[in-house]
Amino acid sequence: MSYAIALPELTPAPLTPGTLYLVATPIGNMEDITLRAIRTLRDCDLVAAEDMRHTGMLLKRLGLAKRQISTHKFN
């Protein structure tokens, strides 16, 4: 005998305009990124990154084209 459980529709809340979202990105294995991190990167307008080269590779691997700005201790 098998049972089916009806789960409620899980629709994530949209991002709030003007809000800074911090996204933890994987250090070693690119498959360690979370679904929430991917959704946040997909839905945001701008990505501020310490190293735009690494962030660019991550965004490219996720199939995302986002405007990036560099944020490090020298700017």
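Let me start with a term. Partly exposed means a relative accessible area between the buried limit, under 20%, and the exposed limit, over 50%. D43 falls there, because its relative accessible area is 33%. We will come back to D43.

First, the overall picture. This is a predicted model. The protein has 2 helices and 2 strands. Read from the N terminus, the order is α-β-α-β. There are 75 residues, and 17% of them are buried. The accessible surface is about 6700 Å², with 58% of that belonging to carbon and sulfur atoms. Now contacts with a separation of 6 or more: 25% of them join residues 24 or more positions apart.

Next, the strands. β1 covers 46–49, and β2 covers residues 67–70. They pair in the parallel sense, over 4 bridges. Between them the chain passes through α2, and this β-α-β crossover is right-handed. Two pairings to look at on screen. L46 stands opposite R67. A48 has I69 as its bridge partner.

V47 and A49 are buried and point to one face.

On to helix α1, residues 35–43. Its buried residues are A37, R39, T40 and L41. They pack against β1 and against α2, which spans 52–62.

Nonpolar side chains tend to be buried together in soluble globular proteins. Here, the largest nonpolar core has 8 residues. The members are I33, A37, L41, C44, V47, L58, L59 and L64. Two elements give two or more residues to this core: α1 and α2. Take L64 as an example. Setting aside residues up to four places away in sequence, L64 touches L41, R42 and L59.

One more buried position, T55. Where does T55 sit? In helix α2. T55 counts as buried because its relative accessible area is 17%, and the limit is under 20%. Beyond its neighbours within four places in sequence, T55 contacts V47, A49 and Q68.

Now the charges. Side chains of opposite charge can pair when their charged atoms come close. How many salt bridges does a search of the whole structure find? It finds 3.

Start with R39 and D43. Their closest N and O atoms are 3.9 Å apart. The cut-off is within 4 Å, so this pair qualifies. Both residues lie in α1, 4 residues apart, about one turn of the helix. In an α-helix there are 3.6 residues a turn, so residues three or four places apart point the same way. R39 is buried, because its relative accessible area is 18%.

D43 also forms a salt bridge with R42, with the closest N and O atoms 2.9 Å apart. R42 counts as partly exposed, because its relative accessibility is 44%. Together, R39, R42 and D43 are linked in a network of salt bridges.

The remaining pair is R53 and D51. Their side chains meet in a salt bridge at 3.2 Å, N to O. R53 is exposed at 65% relative accessible area. D51 is partly exposed at 23%.

To recap. We have a right-handed β-α-β crossover. We have a nonpolar core of 8 residues. And we have a salt-bridge network of R39, R42 and D43.

Definitions and conventions: Residues numbered from 1 in each chain as written. Predicted model: local features only at pLDDT ≥ 70, side-chain atom pairs only at ≥ 80, totals over all residues. Heavy atoms only, no water. Buried < 20%, exposed > 50% of the residue type's maximum accessible area, 1.4 Å probe, protein only. Contact = heavy atoms within 4.5 Å. Areas by Shrake-Rupley, 256 points an atom, 1.4 Å probe, with all protein chains shown as cover. Pairing = 2+ DSSP bridges. Right-handed = clockwise from strand over helix to strand, strands pointing away. Core = buried A, V, L, I, M, F, W, Y, C linked by side-chain atoms within 4.5 Å.
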